[in-house]
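Take a look at this protein model. What do its helices pack against, and which residues do the packing?

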Amino acid sequence: MSKIAILEIDGNKFELPVIVGSENEAAVDISKLRDISGVITLDPGYKNSGSCKSEITFLDGELGILRYRGYSIEELAEKSHFLEVSYLIIFGELPSVERLEQFENDIRKFTLVSEEMKIILDGFPRTAHPMGVLSALTSALTAFNPKSVDADNEKDMYDAVCKTIAKFLVIATWTYRKSMGYPLNYYDNTIGYVENFMNLMFKLPTGPYTANPIIIDALDKLFILHADHEQNCSTSTVRMVGSSHAGLFASISAGVSALWGPLHGGANQAVLEMLEEIHATGGDADKYLAKAKDKNDPFRLMGFGHRVYKNFDPRAKIIKKAADEVLATLGVNDPILEIAKKLEVSALEDEYFKSRNLYPNVDFYSGIIYRALGIPTDMFTVLFAIGRLPGWIAQWKEMRENKEPIGRPRQIYTGYPLREYVKS
Ligand code: ACO
């Protein structure tokens, strides 16, 4: 039997339908609220508002559950690989062996990025943050692919998916090459996607380069763990921009900008900067723990806390294990990583953090693992973006296929009432 919610305002009662999702999550459907009652809801930060119905990712912050298309993140991280998970997230089902091979081949058709993109890249200073450059280059791809994707045309949409996955990886690594003053590398269609990432980043014309398979495996896992996370800030941005029927590249470029912020994807860089600061100032982790607890100090412990996971972040558990394995296998001995371990133990035992359910999040461990893998700090958020790309594409595609209306929230105006203009 369908449920209803009753809202009473000034003695008037309004009935609102209650929608229940496939995991029994309930939502009061207020889409007609203003029409029937004249009021709207106010929810800054959208802590209590669903913006859409989605079949892609299920997340339960209280129980620490994360699933893509019904498959648990733990199982996917252990048994699958990034391009297979990308296919699953975007198209809804795991591909057969033949289908996956075809998908990988179709991506390879688009791995060459226009030489003219290099001219745009050239215009940036070497000191520019890679995320800013990545956002601009992603947007520039629109100019080189001007035909907007017809989301109703399956072939068109499929090609756009392959093209985006192919070109985004190349331009993402070019942001690093530019910052180092190195010549730009090309994608090698004879090797895998994640191996290509390492080659594109680190291969120099002066000698041979072979990426360490342990690093490739760890990165593949990290990309899977980041691949989607339902309606977070950057994904909501991608859906919102796309809801005006802006193209896929333009929408993803906006998503990159949203991800850049230190309260979102930029946290992995912020974690490392914080650890480096603790190290540079004598290594006293407890001092920083005290600063984070001090209400008169705006400092927050980067890499702790999460908007939806108030128990633990299931991705953080998997990454922590991967981080331990990678550090042990590579034999990394790094004082920064020692500080991270100390901070983690102290915070997990601290009453302030325990009572607020503040646990290390995925960014805490991903920052550590990226450092151990030799990835430069300001590329950390770019790696997050590479991982999140299939999620952004899938959410954009779903939004267009569901024919969602343009995103246009309302507001409660709190400014001046009408004033008369008086010339000064
Ligand atoms: N350090 C110290 N105190 C914290 C922290 C932190 N990292 N995070 C939250 N708190 C405290 C707040 O001060 C608040 O305390 P109070 O109840 O005494 O006022 C309480 O915990 C609740 O905090 P909110 O900000 O209301 O929690 P919210 O869910 O809105 O914020 C957020 C989540 C933004 C992630 C926050 O925990 C934070 O800033 N963390 C550090 C940045 C970070 O790691 N971001 C990455 C998020 S994961 C991702 O994007 C993939």
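The buried residues of helix H13 are covered by several elements, among them helix H12 (267–280), helix H15 (335–349) and helix H16 (351–355). H13 itself spans residues 285–293. Which residues of H13 are buried? They are Ala285, Tyr288, Leu289 and Ala292. Looking down the axis of H13, these buried residues fall within an arc of 105 degrees, so they line one face of the helix. Keep in mind that this is a predicted model.

Helix H10 covers residues 233–242. Its buried residues are Ser234, Thr235, Val238, Arg239 and Gly242. Why do they sit on the same side of H10? Because they cover an arc of only 140 degrees around the axis. The cover over these residues includes helix H11 (248–260) and helix H18 (380–401).

**Two helices that pack on H18**

H18 also packs with helix H9 (residues 213–226) and with H12. The table sets out the two pairs.

| Pair | Angle between axes | Distance between axes |
|---|---|---|
| H9 and H18 | about 65 degrees | 7 Å |
| H12 and H18 | about 155 degrees | 7 Å |

Start with H9. It packs on H18 at an angle of about 65 degrees. That angle makes H9 roughly perpendicular to H18. H9 passes H18 in a right-handed crossing. On the H9 side, the contact is made by Leu219, Phe223 and His226. On the H18 side, they meet Leu383, Phe384, Ile386, Gly387 and Arg388. Sorted by class, this contact has five nonpolar, two polar and one charged residues.

Now turn to H12. Its angle with H18 is about 155 degrees. H12 is therefore roughly antiparallel to H18. The crossing of H12 and H18 is right-handed. Which residues of H12 meet H18? They are Asn268, Gln269 and Leu272. Their partners in H18 are Phe380, Thr381 and Phe384. By class, the contact of H12 with H18 divides into three nonpolar, three polar and no charged residues.

**A buried threonine**

Next, find Thr175. It is in helix H7 (residues 154–180). Is Thr175 buried or exposed? Its relative accessibility is 3%, so Thr175 counts as buried. What touches it, leaving aside neighbours within four places in sequence? Thr175 is in contact with Pro130, Val133, Leu134, Met379 and Val382. One of these, Val382, is a residue that falls within H18 (380–401). Thr175 can also be placed relative to Leu121, which is 54 residues away along the chain. The C-alpha atoms of Thr175 and Leu121 are separated by 7.8 Å.

**Two loop residues with positive phi**

Two loops remain. Glu230 lies in the loop between H9 and H10. Glu230 is not a glycine, although its phi is positive, at about 40 degrees. Its relative accessibility of 26% means that Glu230 counts as partly exposed.

Asn357 is found in the loop between H16 and helix H17 (362–372). Its phi is near 55 degrees, again a positive value in a residue other than glycine. How accessible is Asn357? At 30% relative accessibility, Asn357 counts as partly exposed.

Technical notes: Residues are numbered from 1 along each chain as its sequence is written. This is a predicted model: local features need pLDDT of at least 70, side-chain atom pairs count only at pLDDT 80 or more; totals for chains, interfaces and linings use all residues. Side-chain values use heavy atoms; hydrogens and water are left out. Buried means under 20% relative accessible area, exposed over 50%, partly exposed in between (1.4 Å probe, protein chains only). Helices (H or I, at least four residues) and strands (E, at least two) are DSSP runs, numbered from the N terminus. The arc is that of the directions from the helix axis to the C-beta atoms. Contact means heavy atoms within 4.5 Å. Axes are lines fitted to C-alpha atoms, for helices over the stretch in contact, and angles run from 0 to 180 degrees between N-to-C directions. Angles under 35 degrees count as roughly parallel, over 145 as roughly antiparallel, 65 to 115 as roughly perpendicular and the rest as oblique. A crossing is left-handed if the near helix is turned anticlockwise from the far one by less than a right angle, and right-handed if clockwise. Ala, Val, Leu, Ile, Met, Phe, Trp, Tyr, Cys and Pro count as nonpolar, Asp, Glu, Lys and Arg as charged, and the others, Gly among them, as polar.
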